[in-house]
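Subject: Handover of a structure, with notes

Dear colleague,

I am passing on the structure we spoke of, together with its sequence. Please have it open while you read the notes that come after.

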Amino acid sequence: MSGYKPAAIQTYPVLGEKITQDTLYWNNYKTPVQIKEFGAVSKVDFSPQPPYNYAVTASSRIHIYGRYSQEPIKTFSRFKDTAYCATFRQDGKLLVAGSEDGGVQLFDISGRAPLRQFEGHTKAVHTVDFTADKYHVVSGADDYTVKLWDIPNSKEIVTFKEHSDYVRCGCASKLNPDLFVTGSYDHTVKMFDARTNQSVISVEHGQPVESVLLFPSGGLLASAGGRYVKIWDMLKGGQLLVSLKNHHKTVTCLYLSSSGQRLLSGSLDRKVKVYSTTSYKVVHSFDYAASILSLALAHEDETIVVGMTNGILSVKHRKSEAKKDSFPKRRRPAYRTFIKGKSYMKQRDDILINRPSKKHLELYDRDLKNFRVSKALDRVLETPEITVSIIKELNRRGVLANALAGRDEKEISRVLNFLIRNLSQPRFAPVLINAAEIIIDIYLPVIGQSPVVDKKFLLLQGLVEKEIDYQRELLETLGMMDMLFATMTRKESTSDKKKKKKSVQDIC
């Protein structure tokens, strides 16, 4: 036993996304806090001023949450029907929202009753925003109109009727109080100028527009609709710069990070994509449990809030930096302390005594050394690389069947769960398929006695059949490519023969 050789753990190439600065930055959030709302969360908006509370629009209520509170600190419920698009003013003191009945209501954050009510739309108002001067509100509705309202006088200033379908999104310029943008289900995005009473730029998105976003400089515009996110250069009259198609379902919301260097998009495919605003490539992605309707980022990206169709509000807070210990750490011995005497040269009269270094075995190696093969396999089922190496070692020793046999329902379920999780990975497939065949041979006579085990076997069967289908499709594709390459090679050889023949004729 003194000559036991530890099991060789094979190293496999590490799979997964490349670790970048964006990966580290966007993964640096705590476990999300989930808050249940009364209905689908159609809009989330952060106050631009401290303490950076955020407004959540869901059903017929608007809830104001503190940055770290899980219960609303204020509720606005003076709506007859569904409320939409609650938006803070730049100073964080006023809040404006639309509603299903066509009304636009203005609230003071410190009060509860509406300060102003703007009546004029005949259908649901889905988008509202404050202009840059803070004294006007722009609104868009399902009656195809866009209206500009004066806050002090509670009067309508101008109405635009250029859209031919529902107006579902919009935003005002943060630099010019007369400019604002709206997106409609007529597939167009229009920029209006209140001084000319008409649109000054109109672009064709190609899909019903769900969200628009003006960059802080005012020179770039992002529009979302269908599976596309498009970037337009407004300084060049609405020239299309780039069209992004990274979602599998409709893109519903857009948001810009605090630095302006990253653009976020949420979609019904339950993903939030993060794009670089220089290369417009996806640099990170978040996964959620339900389709996404709205998202917002707090100041300095400290909090990311996502609203979903199932009424769940997901709130992620950035992890705080590790605090430095106030007590000085005990100084450890220097490196030279440990190597003292290592370089001493033996003299003629010295007697050298070698102390053999003690080798520490891993727990699974101790089990293998003592022939506890089943226990050795059970110890490593959580780590695929080590598990596959142990299965190969047991197979080499000829005791793999012994390690898999004689298990009860709970133990065999663990093994089957491991196979279901990792059988489809090409790195492990050759070893795990052999193990799966041995398990089937051993437990085939007792199939039907446990519904839990039977269900696992059915899942394993479905996984194997799916892999076979993939392999068949890949072989068909490979055959098509071989045929194409063969045809191209034949054409090239034919053209070369013709050239040689022509050259010989020219020489003659």
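Predicted model: local features only at pLDDT ≥ 70, side-chain atom pairs only at ≥ 80, totals over all residues.

I begin with the second largest pocket, which holds about 390 Å³ of space. Its lining is made up of 20 residues, and those closest to the centre of the pocket are Leu 423, Ile 433, Leu 460, Val 464 and Glu 467. Two helices, α8 (429-443) and α9 (451-507), each contribute at least two residues to this lining, and α9 provides the largest share, with 11 residues. Sorted by class, the lining residues of the second largest pocket are 13 nonpolar, four polar and three charged.

The 15 residues of α8 reach 21 Å from the first C-alpha to the last, which is close to the 21 Å expected at 1.5 Å a residue. The buried residues in α8 are Ala 429, Val 431, Leu 432, Ala 435, Ala 436, Ile 438, Ile 439 and Tyr 443. Helix α7 covers residues 409-422, and because its 14 residues should span 20 Å at 1.5 Å a residue, the 20 Å between its end C-alpha atoms agrees with expectation. In α7 the buried positions are Ile 412, Ser 413, Val 415, Leu 416, Phe 418, Leu 419 and Asn 422.

Tyr 470 also belongs to helix α9, and with a relative accessible area of 43% this tyrosine is partly exposed. If you want a sense of distances across the model, Tyr 470 and Ile 62 are 408 residues apart in sequence and 49 Å apart in space, taken from C-alpha to C-alpha. Pro 6 sits in the segment before α1 (21-26), and Pro 6 is partly exposed, at a relative accessible area of 41%.

On the cysteines, how many disulfides does a search of the whole structure find? The search finds zero. Cys 85 is in no disulfide, and the nearest cysteine sulfur, which belongs to Cys 169, is 11 Å away. Cys 253 is likewise in no disulfide, and for Cys 253 the nearest cysteine sulfur is that of Cys 169, 11 Å away. Cys 85 has a relative accessibility of 7%, so it counts as buried, the cut-off being under 20%. Cys 253, at 6% relative accessibility, counts as buried for that reason as well.

In the model, the chain over residues 118-159 is 0% helix and 55% strand, and its end C-alpha atoms are 13 Å apart. Over residues 244-285 the chain is 0% helix and 55% strand, with the end C-alpha atoms 15 Å apart.

Thr 252 lies in strand β22, which runs over residues 251-256, and this threonine is buried, with a relative accessible area of 12%. Thr 252 and Asp 269 are 17 residues apart along the chain, and their C-alpha atoms are separated by 10.0 Å.

The peptide bond from Pro 50 to Pro 51 is cis, with omega near 5°, and Pro 51 is placed in the loop between β2 (41-46) and β3 (54-58). Ser 154, which is not a glycine, has a positive phi, near 55°. Ser 154 is in the loop between β12 (146-150) and β13 (155-160), and it is partly exposed, with a relative accessible area of 30%. His 187 also has a positive phi, of about 75°, although it is not a glycine. The loop that holds His 187 lies between β15 (179-184) and β16 (188-193), and at 26% relative accessibility His 187 counts as partly exposed.

With kind regards

How values were computed: Residues numbered from 1 in each chain as written. Heavy atoms only, no water. 1 Å grid on protein atoms, 1.4 Å probe; cavity = no way out; pocket = protein on both sides within 12 Å on 5 of 7 lines; lining within 4 Å. Points joined across faces, edges and corners; volume = space filled by probe spheres on them. Helix = DSSP H or I, 4+ residues; strand = E, 2+ residues; numbered from the N terminus. Nonpolar A, V, L, I, M, F, W, Y, C, P; charged D, E, K, R; others polar. Expected span 1.5 Å × (residues − 1). Buried < 20%, exposed > 50% of the residue type's maximum accessible area, 1.4 Å probe, protein only. Disulfide = S-S within 2.5 Å.
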